[in-house]
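I opened my notebook to look up a sheet and some salt bridges. The entries follow.

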Amino acid sequence: MTNDPAPLTPAVFHILLALSDGDKHGYRIMQTALAQSNGRLRMGPGTLYGSIKRMLADGLIEEAGERPDPALDDERRRYYRITAQGRGALRAEAERIAALAAQLQSLHLIGENK
Amino acid sequence: MKAAEGLPYALARMCVQLYPREFRDRFADELLQTCRDGMRQHASLHFWLDTFSDLIPSVLREQAEQARLNMKATNIFKGFGFLLIVLWVAILAASLGIAYLGWGIPDPMLLMLGESFSSLEMALFDGLIVFGPFLALLAFLGPSLRVRFDRSQRSMEIRVLPIGRFSALMAVFSGLISLAIFAIFIVSRM
């Protein structure tokens, strides 16, 4: 039996990745995830907040206490921050993807110009 | 709602009302704020189609998850206990009513087992009458009991976690009936 954590869903992975360089509110997370995935992951608000709910419960993210610039921001927005546990899960997922990519490369399935 | 936010936003607000209450209380404002943010940048039909095609499955997912949580084992145990007690009280009331008040209702045993029944069915029916309240007591208390064995100390710890008022009342009721049945059994043997 392996102790490896289960792979993260694309939404959870991209939310963690979006938060890895600083606190963000919901819409900013959606925009960052879209940019990170080269436009492939178009996350809607339902998927975003459903994932945020589960990630808060799992301790992967937390609500950020302070707002970057309260004067310029709508108070209905809440900012989220990645936790140490979330960073660990992100690192584990990145390593899993890297190992998979290396395996695919060794099978000549990626990394070659056709 | 501002008039400028228009019909799609009003529909999104309605959609958000369909989420389970707990989700709505925590995320509705933020979710609608995210819709407004998106609307400011892409006020197009495509944006709203994307939003609704995401919101509707998300509402169904959250409702399904809520239903799953409501169906957790504790509630199944409580439901089983409640069913047992209701059945037991109904059988007792019907039997006493027929025997002492001349109620013209079918005998509950014949109603449940039919005119011809096997000895196993009879034993199960008797078991329900004798052990039903005790099983109900276990069903109400069981999910709140935590038993811990400490092998090094050779000890056992039993803790009763806080339980709801309904479960507590039902547990006391079931317990009293069980004690009464036990007392009748002891007295009849003397």
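What is the strand order of the open sheet in chain A? I read β1-β3-β2, 3 strands with antiparallel pairing. I took helices (H or I, at least four residues) and strands (E, at least two) as DSSP runs, numbered from the N terminus. Strands pair if DSSP finds at least two bridges between them.

This is a predicted model: local features need pLDDT of at least 70, side-chain atom pairs count only at pLDDT 80 or more, and totals for chains, interfaces and linings use all residues. Residues are numbered from 1 along each chain as written, chains are lettered from A and ligands numbered from 1 in written order, and side-chain values use heavy atoms, without hydrogens and water.

I checked β1(A) against β3 (residues 79-82) of chain A: they pair antiparallel over 2 bridges. A:H25 has A:Y79 in β3(A) as its bridge partner.

Next, salt bridges (a side-chain nitrogen of Lys or Arg within 4 Å of a carboxyl oxygen of Asp or Glu). One joins A:R54 and B:E65 at 2.6 Å, N to O. This pair crosses from helix α3 of chain A to helix α3 (residues 45-70) of chain B.

I then looked up B:E30 and A:R78, a salt bridge at 3.6 Å, N to O. B:E30 sits in helix α2 (residues 21-41) of chain B and A:R78 in the loop between β2 and β3 of chain A, so two chains are joined. A:R78 is partly exposed at 28%.

Methods:
Buried means under 20% relative accessible area, exposed over 50%, partly exposed in between (1.4 Å probe, protein chains only).
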